[in-house]
Amino acid sequence: MHIPDGFISPLTYMPAYAATVTLWYVTYTKTKLDSDKISFLAALSALSFVFMMIAVPLPGGTSAHLSGVALLSIVFGPWLGFAAISMVLVIEALFFGEGGVTTLGINVLAIGFIGCFSSYYVYRFLKKINENIALFLAGWFGMNMPALFVAAVLGLQPLIASAEGKPLFFPFDIETTVAALMIPHALIGIVEGVVTVVLYRFLRKNFKVIFDER
């Protein structure tokens with residue numbers, strides 16, 4: 001769901017950059033990571049990078065892919081998850097052309113912030129009812145809430161930046177973008193949910209040190 005360059009007006013991506021930088025500062029003040037967990041955070045961040053690089057093109061120029069966002073935020077908390085996903089997105093944008101540089105702030109807000117916090121709180125809310133269902137739905141929402149945000153941002157561009165009735169950037173309206181993004185992401189979210197359950201159970205069984213203090 002990375003948005004490439006040229007799709008978004010400066011009136012949208014500049015405030016998004018400001019919000020992203022502010023959230024990075026808040027993350028810096030809130031997060032603390034034990035040295036024995038750094039290697040696990042790095043490994044899951046690398047896995048998230050691989051997930052995102054295997055992207056399926058969608059109509060309109062964006063893409064769909066697994067993310068690993070829910071797993072990171074559940075295991076390490078939403079702020080550390082946001083920090084890890086932000087780093088992944090910066091590397092992808094600057095060195096691999098996955099997502100634009102001008103749209104980096106929007107991609108970080110969508111996949112990093114909305115993805116991590118929505119999946120984390122879905123898990124927290126449902127885990128006492130059934131932890132496997134909570135993990136699955138955390139993966140699904142961690143995929144689909146960012147997609148909905150991206151669809152809204154893209155779909156609003158004709159209203160934000162037009163000249164003589166013609167869109168200057170992304171041309172399709174919000175009804176089109178919501179349908180184009182949410183239908184495939186609803187399906188891929190099922191895979192993300194299953195992957196989240198399987199990997200979380202694997203880590204819980206084999207790497208208990210990550211969870212010892214929880």
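Which residues do ring pairs link into a cluster? The cluster joins W79, F82, F113, F117, Y120 and Y121. This is a predicted model, in which local features need pLDDT of at least 70 and side-chain atom pairs count only at pLDDT 80 or more, while totals for chains, interfaces and linings use all residues. Residues are numbered from 1 along each chain as its sequence is written, and side-chain values use heavy atoms, with hydrogens and water left out.

**Aromatic pairs**

- The structure holds 15 aromatic pairs; rings of Phe, Tyr and Trp (its six-membered ring) pair if their centres lie within 6.5 Å, and planes under 30 degrees apart count as stacked, over 60 as edge-to-face and the rest as tilted.
- W79 and F82 form an edge-to-face pair, at 6.5 Å centre to centre and 80° between the planes.
- Both residues of that pair, W79 and F82, lie in helix α4, 3 residues apart, or about one turn of the helix; helices are DSSP runs (H or I, at least four residues), numbered from the N terminus.
- F82 also pairs edge-to-face with F113, at 5.7 Å centre to centre and 85° between the planes.
- This second pair links distant parts of the chain, with F82 in helix α4 and F113 in helix α5, 31 residues apart.
- F82 counts as buried because its relative accessibility is 0%, whereas F113, at 24%, counts as partly exposed; buried means under 20% relative accessible area, exposed over 50%, and partly exposed in between (1.4 Å probe, protein chains only).

**Nonpolar core**

- The largest nonpolar core has 59 residues, and those with the most contacts inside it are I8, V75, F76, I85, I111 and Y200; such a core is a set of buried Ala, Val, Leu, Ile, Met, Phe, Trp, Tyr and Cys residues joined through side-chain atoms within 4.5 Å.
- Helix α5 gives the most to this core, with 11 residues.
- Leaving aside residues up to four places away in sequence, I111 touches M1, H2, M52, V69, I85, L89, C116 and P146, where contact means heavy atoms within 4.5 Å.

**Cavity lining**

- F51, G68, L71, E192, V195, T196 and L199 line the largest cavity; a cavity is a set of points on a 1 Å grid over the protein atoms alone where a 1.4 Å probe fits but cannot get out, and lining residues have an atom within 4 Å of a point.
- Helix α7 (residues 174–206) supplies the largest share of this lining, 4 residues.

Note on methods. On a 1 Å grid over the protein atoms alone, a cavity is a set of points where a 1.4 Å probe fits but cannot get out, and a pocket is an open set with protein on both sides within 12 Å along at least five of seven lines; lining residues have an atom within 4 Å of a point. Helices (H or I, at least four residues) and strands (E, at least two) are DSSP runs, numbered from the N terminus.
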